[in-house]
Structures are given as C-alpha cells and as structure tokens.
Amino acid sequence: MFSFKIDDKTNLKMLNLRDTEHLFALTVQSKDTLREWLPFIDFTKTSDDTKNFIQSTMKQFSDNNGFQAGIWYDGSLAGVIGFHKIDWNNKSTSIGYWLGNDYVGLGLMTKSVEAFVDYALQDLQLNRVEIRAAVENKKSRAIPERLGFKEEGCVRQAEWLYDHYVDHVLYGMLASDWKK
C-alpha cells in the first residue's frame, strides 16, 4: 500500500475504507468551492457515495491501474491526489488533485504533486505525466507551472461542468525533463 512522508506535518497515504467519513466531511465542508471545477461534487450526497469512490480506487489499485491517496496534514485529511489511470503500453499517466478549503495556500498540493511525479517517473519508470486544468482554474494551473511542466496546448471543450463545457490546458512532463 502506498504511503509517503513529505515532511514532519504532511504525508500521502492510499485511501481506504477507514477514510470514508473523513473524506465525506472534507468534501461537504468544501463543496461550494470544489463544485466550481469538479463535476463529481453534486453526486457526493452521502457517505455511501464516498465509500463507493474509495472502493473504486481500491479496485483501481488492485488492477495495477494507479491509485488515489489522501493528503494528510497535521493528522487531518486535507485533500486527494491520484493517478487517473496508467497507460502501461505508452508508459504515461495523468494526475488529478483537490484540497479542502482550510488547506489551500499551505504549499501542500505542490509538494504532493511533486511526490507523485517522482513516484511515477522514478519508481514506476513511466515516461510521461500529464496534468489538465480548466483554463480559468488559475490555482490548479499554478501547480504544474511551478513544477516546470511544459504547457502543450489547449483541449477545447474538454469537460462538461454541470451546464457548460470548459477548455483544458494540457501540461506534460517527460522523465528526461524531470529534475533529478
């Protein structure tokens, strides 16, 4: 099971069923902010919805197709980061992430994404990591930009958010470009 210590206050740990209530509470607490960019928020109505999500991530892990980790800060669940899936044939993956409102601005996500990219490119020996973010989602876009990802283009109408499409900026990092 994946577990990674980032610093004295922050660690990443693969989600499991014991995290259900913590994750559900964090999602509900941050719902208004998260809803702007995450389409699944409106479908998370009960802790059973969160439990089903965690079960799907456990299956993802058992299928060797990536995993989702909780970002823990000072003993509390602060957010989620994960691989959407792993394309083993092309040695590539993409990363998604979100933080609860109380944890924004602490540098947690930059450190977490950096750890995930290290893990993907070094431990899993993948060649490519992608991050997509809505064009207007400045906070999410700042993460790959801060970490030296290359902006590779705009994917038009990439995601349906409730009542409209949003364009995504595509960022890529190659193993040969990642800091050693």
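The paragraphs below describe the fold, packing, surface and annotation of one protein chain.

This is a predicted model, in which local features need pLDDT of at least 70 and side-chain atom pairs count only at pLDDT 80 or more, while totals for chains, interfaces and linings use all residues. Residues are numbered from 1 along each chain as its sequence is written, and side-chain values use heavy atoms, with hydrogens and water left out.

The protein chain has five helices and eight strands, where helices (H or I, at least four residues) and strands (E, at least two) are DSSP runs numbered from the N terminus. Read from the N terminus on, the elements follow the order β-β-α-α-α-β-β-β-α-β-α-β-β. The radius of gyration, taken over C-alpha atoms, is 16 Å, close to the 16 Å that the globule rule (2.2 Å times the number of residues to the power 0.38) gives for 180 residues, so the protein chain is as compact as a globular protein of that length. Along the principal axes, its C-alpha atoms fill a box of roughly 40 × 40 × 30 Å.

Of the 180 residues in the protein chain, 44% are buried, meaning under 20% relative accessible area with a 1.4 Å probe and protein chains only. Among contacts (heavy atoms within 4.5 Å) with a separation of 6 or more, 60% come from residues 24 or more positions apart.

UniProt, in an unreviewed entry, places the feature "domain: N-acetyltransferase" at residues 15–176; such annotations may be inferred rather than shown by experiment. The span of residues 15–176 is 34% helix and 35% strand, and its end C-alpha atoms lie 30 Å apart.

Key: Buried < 20%, exposed > 50% of the residue type's maximum accessible area, 1.4 Å probe, protein only.
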